[in-house]
Amino acid sequence: MSPCPARAGRKISRSSRHCRTLHGWAFAQQAAFTRYKAARAGIAFVLVDPAYTSQECPECGHISRANRSARGRFVCQRCGLAGHADHIAARNIATRGAAGWAVINQPHATGLPSARRDCESKPPASAGGS
């Protein structure tokens, strides 16, 4: 057994499977809590795949490791856009989130009747007789 990075200061050995479980749990719990609290507040919650967000150019879409010449620096090899790598990644995540929101927010356009639309279009029942 190798020492668990979560317990680096202690001399307790844990399996690597145990470490993966510990580290993966926090992210899943954070997403669950965020989803719950967003729903409670009436705010949309969209998960975004963060893969390659720090290597992708938000202007031309070019993805390359060479775009990250230094740790905190981003320079697109195709169009020349330059900036702080974290800012570029944040722009890409925001764009992906907006695209994900657009997919969720599309109207229901199957042509089939909607229960909500049917309720809204019916006149209210009369309360009294003649």
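The legends below accompany an overview and several close-up views of a predicted model.

**Figure 1. Overall organisation of the predicted chain.**
The secondary structure comprises three helices and four strands, arranged along the sequence in the order β-β-α-β-β-α-α. The chain has 130 residues, of which 15% count as buried. Where contacts link residues at least 6 apart in sequence, 28% of them join residues at least 24 apart.

**Figure 2. Confidence of the prediction along the chain.**
The mean pLDDT of the chain is 77, with 61% of the residues reaching 70 or more. Confidence is lowest in strand 1 (residues 2–3), where the mean is 48. Strand 3 has the highest confidence, at 95.

**Figure 3. Close-up of Tyr-52, a residue with positive phi.**
Tyr-52 lies in the loop between helix 1 (16–41) and strand 3 (73–75). Its phi is near 65 degrees, a positive value in a residue other than glycine. Most residues other than glycine have a negative phi. Tyr-52 counts as exposed, since its relative accessibility is 53%.

**Figure 4. Close-up of Gln-55 and its surroundings.**
Gln-55 also belongs to the loop between helix 1 and strand 3. With a relative accessible area of 18%, Gln-55 is buried. When residues up to four places away in sequence are not counted, Gln-55 touches His-62, Ile-63, Ser-64, Arg-65, Asn-67, Arg-68 and Phe-74.

A search of the whole structure finds zero disulfides. Cys-57 is in no disulfide, and the nearest cysteine sulfur, which belongs to Cys-79, is 3.5 Å away. For Cys-76, the closest cysteine sulfur is that of Cys-60, at 3.6 Å, and this is too far for a bond. The reasoning rests on a cut-off: a pair of cysteine sulfur atoms counts as a disulfide only within 2.5 Å. Cys-57 is buried, at a relative accessible area of 1%, and Cys-76 is likewise buried, at 3% relative accessibility.

The largest nonpolar core has five residues in all: Cys-57, Phe-74, Cys-76, Ala-85 and Ile-88. In soluble globular proteins, nonpolar side chains tend to be buried together. Phe-74 is in contact with other members of this core, including Cys-57, Ala-85 and Ile-88. Beyond its neighbours within four places in sequence, Phe-74 also contacts Ser-54, Gln-55, Glu-56, Asn-67, Arg-68, Leu-81, Ala-82 and Gly-83.

Arg-73 is found in strand 3 and is partly exposed, with a relative accessible area of 40%. Apart from residues up to four places away in sequence, the residues that Arg-73 touches are Asn-67, Arg-68, Ala-82, Gly-83 and Ala-85. Arg-73 and His-87 are 14 residues apart in sequence, and the distance between their C-alpha atoms is 9.7 Å.

**Figure 5. Close-up of the salt bridge between Arg-96 and Glu-56.**
The whole structure contains two salt bridges. In the one formed by Arg-96 with Glu-56, the closest N and O atoms are 2.9 Å apart. Arg-96 lies in helix 2 (residues 85–104) and Glu-56 in the loop between helix 1 and strand 3, so the pair ties together parts that are 40 residues apart in sequence. Arg-96 counts as partly exposed, at 26% relative accessibility, whereas Glu-56 counts as buried, at 18%.

**Figure 6. Close-up of the salt bridge between Arg-91 and Glu-59.**
The closest N and O atoms of Arg-91 and Glu-59 are 2.6 Å apart in this salt bridge. Because Arg-91 lies in helix 2 and Glu-59 in the loop between helix 1 and strand 3, the pair ties together parts that are 32 residues apart in sequence. Arg-91 counts as partly exposed, at 30% relative accessibility, while Glu-59 is exposed, with a relative accessible area of 52%.

Notes:
Residues are numbered from 1 along each chain as its sequence is written. This is a predicted model: local features need pLDDT of at least 70, side-chain atom pairs count only at pLDDT 80 or more; totals for chains, interfaces and linings use all residues. Side-chain values use heavy atoms; hydrogens and water are left out. Helices (H or I, at least four residues) and strands (E, at least two) are DSSP runs, numbered from the N terminus. Buried means under 20% relative accessible area, exposed over 50%, partly exposed in between (1.4 Å probe, protein chains only). Contact means heavy atoms within 4.5 Å. A nonpolar core is a set of buried Ala, Val, Leu, Ile, Met, Phe, Trp, Tyr and Cys residues joined through side-chain atoms within 4.5 Å. pLDDT is the predictor's confidence in each residue, from 0 to 100. A salt bridge is a side-chain nitrogen of Lys or Arg within 4 Å of a carboxyl oxygen of Asp or Glu.
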